[in-house]
Amino acid sequence: MLVFVIKRLANAVGVMLTVALIAFAIFRFVGDPVELMLNEQASQAQRDELRERLGLNRSVPAQYLAFVANAARGDFGISFRNQQDVFVLIAERFPATFELVIVATVLSLLIGLPLGVYTAVNRNGLAAQALQFVSVLGVSLPSFAVGILLILLFSVSLGWLPAFGRGQVVQIGGWSTGFLTRSGLIALILPSLTLSLFQITLVMRLVRAEMLEVMRTDFIRFARARGLTERSVRFRHALRNCLMPVITVTGLQIGNLIAFALVTETVFQWPGMGLLFVQAVSFIDIPVMAAYLMVVSAVFVAVNTIVDLTYAVVDPRLRQDAVAGGSHGR
Amino acid sequence: MAAEARRSLGAVLRAIVASDLFWSFRRTPMAVFGAVLFVVLAGTAVLAPVLSPQNPYDLAQIFIDKAELPPIWAKDGEWPFLLGTDPQGRDVLSTILYGTRISLLIGLASVLCAMAIGVTIGLAAGYFGGWVDNVLMRLADTVLSIPTLLVAILVSAVFKGLLPPGLRDAFSGVILVGAISLTGWVQYARTVRASTMVERRKEYVLAAQIIGVASRRIMRRHILPNALTPVLVAATLNLGLAILSEATLSFLGVGMPVTKPSLGTLIRVGNQYLFSGSWWVVVFPAVQLGLIVLAVNLVGDWLRDALNPRLR
């Protein structure tokens, strides 16, 4: 077990170092950082001074190590665009993205689970077939198009919901939350629905597939033989056995949702990290791009590692396989 | 060489038609619907120069006094602008047909590119094993441990940053294909690696090795044909994803430029007129995009189920 934990952690660190290498390469080699940071009137002395301060005179491996050490301390440098500390910029924006992703995840479970059970139980019913088709449709429509159509319907035509922004937010310590005001909650509806749409269809399809498999097993037949109500068989016996993979997938998807939130944030002008990143891309603000890459990858890798480790605790067979095989590809 | 390739391709095609696949296809209405829809959409896109009322990128054919006309069925609609015009006076239907061409082209190219990279890496990893396998699969793990959308955005942003401004628009299609296939190859590599590891222990491969056939030839001519089915299924399903990725990147502004718009660019541009009442400029490209991906996904879903032995 210990070997597995160490192996898994080493793997996570390795991935993060690779990501750091990519981020560093972007920072160092896409354009000259000195030219990008100073304006054209800067004197040669100023240039040399900045070059010295950024440590660009040192060897490339030494620079990489310094970059990793700084990143580990949360120091990602100064934004090219507005000369602010990048870490502060990202930390300011993080709550908005985090709340959006959490609400989207909760929504996907609240809507996806019942739909999945329904389509599995009434497999050949008309409504279930229609839902299956709608789920293919949901996967086919890109989230930004869905967001735009929702804005068009609920904001432009009906005027019920705001089309952009977070509404009123409340500061609690360093965290700005939209959960505590009416306008903040209303502003969450369209973006979270847009972000969760793909996730809803994912959960629904997964639950359906798992339920179909579980409903065929013997213990369901025995539960029925014991005279339990159909409701009890479905929800207390069958659904419970489907929850493990659903929770895993939901957990693993959180990293993806954070990344995909940048599309939703662009559509709704939601002031999160993703919007910051998209703006940074269009201004070639490289420290912000590099820092965002590092932060999102760190969340992604952390979630994956935690899920893997939890699985190993729950299911001893996985421990054996993972140590012996060392790869998921088989 | 070419004749051999043609013959093996012919054999694959014949095998496909002779199998239960065609029968299963005809009995799945959703698949037929998807296929027909795809043929119609792709066909009209290919024939865009013939079918569309104007070439939206030929300035001589655009009239600014025809700007922002609503679709033909609305009050101020005007022939031949079936779906209305945008604020620059371009016919929306024409921009959609031309945009679909670009979207489909980039989607197909990305899938083929990703498939070529993935199959090569998967064959090498599965056939040689050992450290080659280790290195290649660690690489695959790393690619998978960063969200693909993020990688694609970074790749296109970085390459655009590296190119001189004059060349950026000209190469945006190539950069997009690179960005999408750079993250898309892993799935192919994994499936091909898995089947290669099974195949390479079989007698026919051993026989080929004994008579001294070169490794490259064994991989390409002996193992590859036996590992191709799951690759084709994945490719079909990924075509939808690739088209979506392209549209997303273009929507975010790191994809196709306004001078050569794909459907994603059209939606990005149309989005700016969302509050001015010209809903048709953004809605129709979005619907077209959804329909194409839907068509591909319907065919892909059917193919996956039909070729899945567990569901037979």
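Reader: How many salt bridges are counted between chain A and chain B?

Author: One salt bridge. The model is predicted. The pair is A:Arg205 and B:Asp301. Their closest N and O atoms lie 3.2 Å apart. The cut-off for a salt bridge is 4 Å, so a pair at 3.2 Å counts.

Reader: How should I read the size of an interface?

Author: It is often given as the accessible area lost when the parts come together. Here, chain A and chain B bury about 3700 Å² between them. Carbon and sulfur atoms give 79% of that area.

Reader: Which residues of chain A lose the most area to chain B?

Author: A:Ser140, A:Phe144 and A:Ile148. Together they make up 15% of what the chain A side buries.

Reader: Now the surface. Which residues of chain A form a nonpolar patch?

Author: The patch holds A:Phe98, A:Ile102, A:Val106, A:Leu110, A:Ile111, A:Ile172, A:Trp175 and A:Leu193. Together they have about 650 Å² of accessible area.

Reader: Which helix gives the largest share of the nonpolar patch?

Author: Helix 5 of chain A, residues 86–121. Five residues of the patch come from this helix.

Reader: Take A:Leu110. Is A:Leu110 buried or exposed?

Author: Start with the cut-off: exposed means over 50% relative accessible area. A:Leu110 has 59% relative accessibility, so A:Leu110 counts as exposed. A:Leu110 is found in helix 5 of chain A, and is one of the patch residues.

Reader: On to the fold. How many helices and strands does chain B have?

Author: Chain B has 13 helices and zero strands. Along the sequence, its pattern reads α-α-α-α-α-α-α-α-α-α-α-α-α.

Reader: What share of chain B is buried?

Author: Of its 312 residues, 52% are buried. Chain B exposes about 14900 Å².

Reader: What do the contacts in chain B say about separation in sequence?

Author: Take contacts between residues at least 6 apart in sequence. Of these, 70% join residues at least 24 apart.

Reader: Last, confidence. What should I do where pLDDT is low?

Author: Chain A averages a pLDDT of 78, and 90% of the residues score at least 70. Over residues 321–330 of chain A, the pLDDT is below 50. Beyond near neighbours in sequence, that stretch has 13 contacts in the model.

Conventions:
Residues numbered from 1 in each chain as written. Chains lettered and ligands numbered in written order. Predicted model: local features only at pLDDT ≥ 70, side-chain atom pairs only at ≥ 80, totals over all residues. Heavy atoms only, no water. Patch = residues over 30% accessible without salt bridge, like charges linked within 9 Å, V, L, I, M, F, W, Y side chains within 5 Å. Areas by Shrake-Rupley, 256 points an atom, 1.4 Å probe, with all protein chains shown as cover. Salt bridge = Lys/Arg side-chain N within 4 Å of Asp/Glu carboxyl O. Helix = DSSP H or I, 4+ residues; strand = E, 2+ residues; numbered from the N terminus. Buried < 20%, exposed > 50% of the residue type's maximum accessible area, 1.4 Å probe, protein only. Contact = heavy atoms within 4.5 Å. pLDDT = per-residue confidence, 0-100. Buried area = accessible area lost by both parts, 1.4 Å probe.
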